[in-house]
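Please read the structure shown here alongside the paragraphs that follow.

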Amino acid sequence: MSTTGTADPGSGAGTAGPKPAAGTDLPVITWERFWELVGLLGGRAGTSTCHDIEAGCARLVEVLAAGPVGEIVGFGERLAEALYRIDQEVFGTLPVAGMERPGGEPFPQSDDGFLYARAAVVAAGRATYEGVFGRPERFAPFTALHCEELLYVHEEAYEQATGEEWSILTRYDYESCSNREGWPGLDD
């Protein structure tokens, strides 16, 4: 089986990822619902930053906060999983689009920049997300985008809905280079 994650991440295709801890009972929404909620962001990401991402994230926070808390937690879980699955060396080693070091050398992505680029791919919607697997050239333009705001949507919605800070650990660590199957060249 491929480790690219080209199929619906909820279908079991792609990288296996970590198993949930014993006794972990996080609410999970369907992938269909996750992508429907992501659609509230307004579609394809823009150029140097995600155009209107702040307004889109505000809409998404509002919708999530008005719904059941389980959906907020489920959104956070699906977002973490989507970011984890796209955390792959083939994408993370791409240079930042449109940037060069003095002398014309490619400018590498930072760990945070790579995370924000992955968030931009998710913010661009399901078709874009699914379309980058196995096609690094489709990911390349996102290396210049920064959609950090998406990472905090579920936390803000949770705080609005419950009056408490988000303190829930998701099953998937989405920090750059966390997907060991996606980064086979990394030493432990």
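**A buried cysteine and the rest of the fold**

Cys57 is buried, with a relative accessible area of 6%. The coordinates come from a predicted model. A disulfide would need two cysteine sulfur atoms within 2.5 Å, and by this rule the count comes to zero. Cys57 is in no disulfide, and the nearest cysteine sulfur, that of Cys147, is 7.7 Å away. Cys177 has a relative accessible area of 21%, so Cys177 counts as partly exposed.

Next comes the core. The largest nonpolar core has 50 residues. Those with the most contacts inside this core are Phe34, Phe75, Val122, Phe139 and Leu150. At least two core residues come from each of α1 (31-38), α2 (53-66), α3 (69-85), α5 (111-123), α6 (126-132) and α8 (153-162). The helix that gives the most is α5, with nine residues.

Not counting residues up to four places away in sequence, Phe34 touches Ile29, Phe75, Arg78, Leu79, Ala82 and Val122. Two of these partners, Phe75 and Val122, are also among the core residues with the most contacts.

Now consider helix α3. The helix has 17 residues and reaches 25 Å from its first C-alpha to its last, close to the 24 Å expected at 1.5 Å a residue. How many of the 17 residues of α3 are buried? The number is 15, so α3 is largely enclosed by the rest of the structure.

Two glutamates sit in this helix. Glu77 is found in α3, and at 2% relative accessibility Glu77 counts as buried. The side chain of Glu77 reaches the backbone nitrogen of Arg171 at 3.0 Å. Glu81 also has its place in α3. With a relative accessible area of 6%, Glu81 is buried. The side chain of Glu81 makes a polar contact of 2.7 Å with the side chain of Arg85. As background, an α-helix has 3.6 residues a turn, so residues three or four places apart point the same way.

Thr143 is in the loop between α7 (136-139) and α8. Is Thr143 buried or exposed? Its relative accessible area is 3%, so Thr143 is buried. Leaving aside neighbours within four places in sequence, Thr143 is in contact with Leu94, Pro95, Val96, Ala97, Gln109 and Ala117.

Arg118 is 25 residues from Thr143 along the chain, and the C-alpha atoms of the two are separated by 8.2 Å.

Last comes the confidence of the prediction. The protein averages a pLDDT of 83, and 80% of the residues score at least 70. Over residues 1-23 the pLDDT is below 50. In the model this stretch has 42 contacts beyond near neighbours in sequence. Where pLDDT is low, the predicted coordinates should not be read in detail.

Terms used
Residues are numbered from 1 along each chain as its sequence is written. Side-chain values use heavy atoms; hydrogens and water are left out. A nonpolar core is a set of buried Ala, Val, Leu, Ile, Met, Phe, Trp, Tyr and Cys residues joined through side-chain atoms within 4.5 Å. Buried means under 20% relative accessible area, exposed over 50%, partly exposed in between (1.4 Å probe, protein chains only). Helices (H or I, at least four residues) and strands (E, at least two) are DSSP runs, numbered from the N terminus. Contact means heavy atoms within 4.5 Å. The expected span of a helix is 1.5 Å times one less than its number of residues. pLDDT is the predictor's confidence in each residue, from 0 to 100. A polar contact is a pair of N or O atoms within 3.5 Å; within protein, one must be able to donate a hydrogen and the other to accept it, and residues adjacent in sequence count only if both atoms are side-chain atoms.
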